[in-house]
Amino acid sequence: MLDCGVKNGWIQFIEFIESRCSSAEFQNWIAPIRLVEANPEKVILEVPNVYVQDYLLDNFKEVLCNFLPLLASGEPAVQFLMAAENPLPVAAAPEPVEELPANEFCLNPLYTFENFIEGPSNQFVKSAAFGIASRPGKSYNPLFIHGGVGLGKTHLLHSIGHYAKEHHRKLRVQVITTEAFINDIVDHLKAKSIDKMKRFYRTLDVLLIDDIQFLQNRLGFEEEFCNTFETLLNQNKQIVITSDKPPAQLKLSERMVARLEWGLVAHMGVPDLETRVAIIKHKSERRGLSIPSQIAFFIAEHIYNNVRQIEGAINRLCAHSKLMSENLNEEVVEKILSELFQHNAPNKKISVEEILKSVAAVFEVRISEIKGESRHKEIALARQVAMYLAKEMIDDSLMKIASSFGGKTHSTLLHAWKKITDQIQINELLRRQVQMIRRNIETV
Ligand code: ADP
Ligand code: MG
């Protein structure tokens, strides 16, 4: 039933939003929402996938409250239906191959290469991802992307999906979370249709698997997973995997770890200050909010290890600027974002001395040798690793960091950083050493 007053509220809400976001944004996110039910107690909205629901609630919850019925808690009384759960009367044409049902399998329209901001911490993995999307199955296989929470792993994974679909229209591309893969196995086991599922996965050309760490401690599923994985790899089908840890640190069987390390293992680092500023600028401009550089820097200095939090900050600033006509200065921003700002959190200042000490211990050389000029192989490698880590872990100018290495230049530092960045992709021992040193420094 559509109650007229409530329905009008919805229409006014749509008009209000349309006047406040870009037309692309409106088309992508708002236009696909369908009003299914409107009564004074609640509104039911049909959305094509969970991203649209999240987008609406993350960005416009407060605005919704002004137009729609409310719950006693003050929240908008909105219930969501996924389009797939609520089929339209017209029957869809039968698919030749079985399709996966749920929305966890959709590509997020915003997660594209164009929307991905590059910086030194993610350049390598971004170009690997782009290479794979351009020539699926023909270069590194699998590509394994690992890194901390909220750094853009899922974003890159979906970007590969979009690009591959767009440029290779015949290819069957599928993105899936590891959770969903496991649920899929469980459902098919129950329905005694596991062969059907196997057939489905084996018809894919590009399989994008998100968050493989959820496969840990799920022994029964690991084997099924590994079989599917090997079948696809043997047929040169492209696989891309994301994880919060590198393969060797995952609690998985040796066989599985070996498969994961078969192709290219790439690390996604925490974006440096300049990249964070670029992300803030990009995201806020897309939302129609102009943030002065000084404020963007101010935010980037306070939120440093999670891009999702940066987005949360921009959402808050947008909501605020829509409701109040206050100018954004540091004081206002600090007030709005106070909970998000990481005042004393892990921003422990790491010094070059700490890095030198840790590197010297692991490589069994002296700090004075690292700072010196010796070209002896072991010492030169330790020096390059220390420079690499200093650039990765210390948010300071390259010139200043380089000068702490017995007065080296910033181009020497950059050269060392580049060399080690390349080396750890192909040299397992070195990668483990670097990881160990990094952990030692971080946990002091
Ligand atoms: P992860 O999967 O690593 O936890 P996500 O891919 O979900 O992280 O990223 C979290 C949010 O941050 C997403 O909305 C994503 O678009 C955004 N994001 C992360 N890195 C970047 C980047 N380099 N450029 C633009 N947006 C980014
Ligand atoms: Mg993710």
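Which helix gives the most to the lining of the largest cavity? H18 does, with four residues. This is a predicted model, in which local features need pLDDT of at least 70, side-chain atom pairs count only at pLDDT 80 or more, and totals for chains, interfaces and linings use all residues. Residues are numbered from 1 along each chain as its sequence is written, chains are lettered from A and ligands numbered from 1 in the order written, and side-chain values use heavy atoms, without hydrogens and water.

**Cavities**

Rolling a probe the size of a water molecule over the atoms shows where empty space is left. A cavity here is a set of points, on a 1 Å grid over the protein atoms alone, where a 1.4 Å probe fits but cannot get out; lining residues have an atom within 4 Å of a point. Points are joined across faces, edges and corners, and a volume is the space filled by probe spheres set on them. Two cavities of 30 Å³ or more are present.

The largest cavity is lined by residues including Phe124, His267, Tyr388, Glu392 and Trp417. Helix H16 (377–393) and helix H18 (410–426) each supply at least two lining residues. Helices (H or I, at least four residues) and strands (E, at least two) are DSSP runs numbered from the N terminus.

The second largest cavity is lined by Phe181, Leu207, Ile209, Phe225, Thr228, Phe229 and Leu232. Strand E6 (206–210) and helix H8 (219–234) each give at least two of its lining residues. H8 gives the most, with four.

In the table, Ala, Val, Leu, Ile, Met, Phe, Trp, Tyr, Cys and Pro count as nonpolar, Asp, Glu, Lys and Arg as charged, and the others, Gly among them, as polar.

| Space | Volume | Lining residues by class |
|---|---|---|
| Largest cavity | about 110 Å³ | five nonpolar, five polar, one charged |
| Second largest cavity | about 30 Å³ | six nonpolar, one polar, no charged |
| Second largest pocket | about 1,200 Å³ | 17 nonpolar, 18 polar, 14 charged |

A pocket is an open set of points with protein on both sides within 12 Å along at least five of seven lines. The second largest pocket has a volume of about 1,200 Å³. It is lined by 49 residues, of which Tyr51, Asn108, Tyr111, Arg308 and Glu311 are the closest to its centre. Among the elements giving two or more residues to this lining are helix H3 (50–67), helix H5 (153–167), helix H10 (273–286) and helix H12 (307–323).

Ligand 1 takes the space of this second largest pocket, by the test that more than half of its atoms lie within 2 Å of the grid points. H5, H10 and H12 are the elements that give two or more residues to the shell around ligand 1. That shell holds 18 residues, and the closest are Gly150, Thr154, His155, Arg308 and Glu311. A shell residue has a heavy atom within 4 Å of the ligand. By class, seven are nonpolar, seven polar and four charged.

Polar contacts are pairs of N or O atoms within 3.5 Å. Arg308 places a polar side-chain atom 2.6 Å from an oxygen atom of ligand 1. For Glu311, a polar side-chain atom lies 2.7 Å from a ligand 1 oxygen atom. Leu151 uses a backbone N or O atom, 3.1 Å from an oxygen atom of ligand 1. Taken alone, ligand 1 exposes 560 Å², and the protein buries 95% of that (Shrake-Rupley method, 1.4 Å probe).

**Backbone notes**

The peptide bond from Asn141 to Pro142 is cis, with omega near -5°. Pro142 lies in the loop between helix H4 (123–134) and strand E4 (143–147). Lys192 is not a glycine, yet has a positive phi of about 50°. Lys192 is in the loop between H6 and helix H7 (194–202).

How values were computed. A polar contact is a pair of N or O atoms within 3.5 Å; within protein, one must be able to donate a hydrogen and the other to accept it, and residues adjacent in sequence count only if both atoms are side-chain atoms.
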